[in-house]
Amino acid sequence: MSTVADVIVVGGGVSGLTTALLLAERGLRVRVWSRDPASATTSAVAGALWWPYRIEPAALVGAWSLETLRVYEELAADPAETGVRMVAGVHEGERLASLGPWARRLEGASEVAEGLRVTLPLIDMPAHLRWLEGRLGAAGGVVERRTVRRLAEAAAEAPVVVNCTGLGARELVPDPGVRPVRGQLVVVENPGVDEWFTSADPASDATTYLFPQPGGLVLGGTAETDDPRTEPDPRTAEEIVARCARVRPEIAGARVIGHRVGLRPARDAGVRIEAEELTGGGLLVHNYGHGGAGVTVARGCARAAAQLVG
């Protein structure tokens with residue numbers, strides 16, 4: 001049932017819920033309109049290791065990422081509730097000098113033979129999204145299932161609309177620079193892996209990573225630009241398992257328990273956090289285009305968007 005709102009946030013993934021939470025905690029009456037439950041959004045599919053991956057503009061991403069990192073470090077004190085754990089692992093082939101200035105602020109990061117070893121937040125996204133919804137509800141926010149075909153629908157019911165629609169912004173804004181980057185994952189029974197590992201070649205559609213999550217070992221992955229397929233590809237799944245087994249041979253015999261596909265909402269011009277006045281005096285604030293790092297920049301981008309709300 002609809003309620004009066006100061007702000008309607010369109011989009012119920014991690015960006016939308018985090019932005020809505022910050023606004024609700026400021027005392028605003030906030031409603032979130034989302035076509036899908038949080039558990040069915042792209043955010044829920046994410047492997048969800050904190051790392052600024054496939055996201056621009058570089059000049060802003062570092063600050064957004066570090067702000068979000070500090071929040072996750074606090075939330076990791078209660079992983080069962082928040083879904084956030086601090087887990088050690090290695091980014092193969094990475095060196096601090098090749099990363100942005102933000103990397104020098106990673107506590108405990110060390111260069112080893114394989115690459116960069118560091119302890120980072122690893123987020124169980126279904127649990128974290130439930131936590132965000134719970135916090136939002138406690139702050140007075142309301143989440144409603146609603147398919148939005150025009151942002152004007154929300155502007156007709158609230159003086160401020162925040163657009164956190166991810167890939168949906170391509171049609172809703174419309175913004176043709178928003179493009180899907182397909183990511184396919186395989187979940188297997190964990191054969192005893194307790195650290196994460198990543199190896200990514202920016203020039204390749206194939207990546208290799210393994211993330212030990214409570215529901216199993218998440219294996220990846222792909223980064224296929226302009227590929228809108230949402231069904232798992234069996235051959236791709238086999239290739240993912242084979243790549244990960246070359247890193248940890250015990251994975252080869254692990255039982256497959258699930259497949260996931262998500263479409264990262266990339267944007268040619270990078271993340272858009274911008275306000276525009278609407279006809280009739282309303283305000284539309286955009287917060288979309290987070291590519292492969294929506295979880296990584298969620299808090300930083302939410303704060304930036306919330307500041308534009310005024």
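How many helices and strands does the protein chain have? The protein chain has 9 helices and 15 strands, taken as DSSP runs (helices H or I, at least four residues; strands E, at least two) and numbered from the N terminus. This is a predicted model, in which local features need pLDDT of at least 70 and side-chain atom pairs count only at pLDDT 80 or more, while totals for chains, interfaces and linings use all residues. Residues are numbered from 1 along each chain as its sequence is written, and side-chain values use heavy atoms, without hydrogens and water.

**View 1. The salt bridge of D6 and R29.** A salt bridge places a side-chain nitrogen of Lys or Arg within 4 Å of a carboxyl oxygen of Asp or Glu. For D6 and R29, the closest N and O atoms are 2.8 Å apart. D6 lies in the segment before β1 (7-10) and R29 in the loop between α1 (14-25) and β2 (30-34), 23 residues apart. R29 has 44% relative accessibility and counts as partly exposed (buried is under 20% relative accessible area, exposed over 50%, partly exposed in between; 1.4 Å probe, protein chains only).

**View 2. The salt bridge of E25 and R135.** The N to O distance in this pair is 2.5 Å. The pair links helix α1, which holds E25, to helix α5 (residues 125-138), which holds R135, across 110 residues. E25 is partly exposed at 39%, and R135 is partly exposed at 34%.

**View 3. A network of salt bridges.** The residues linked here are R182, E224, D227, R229 and D233. In the protein chain, the count comes to 22 salt bridges.
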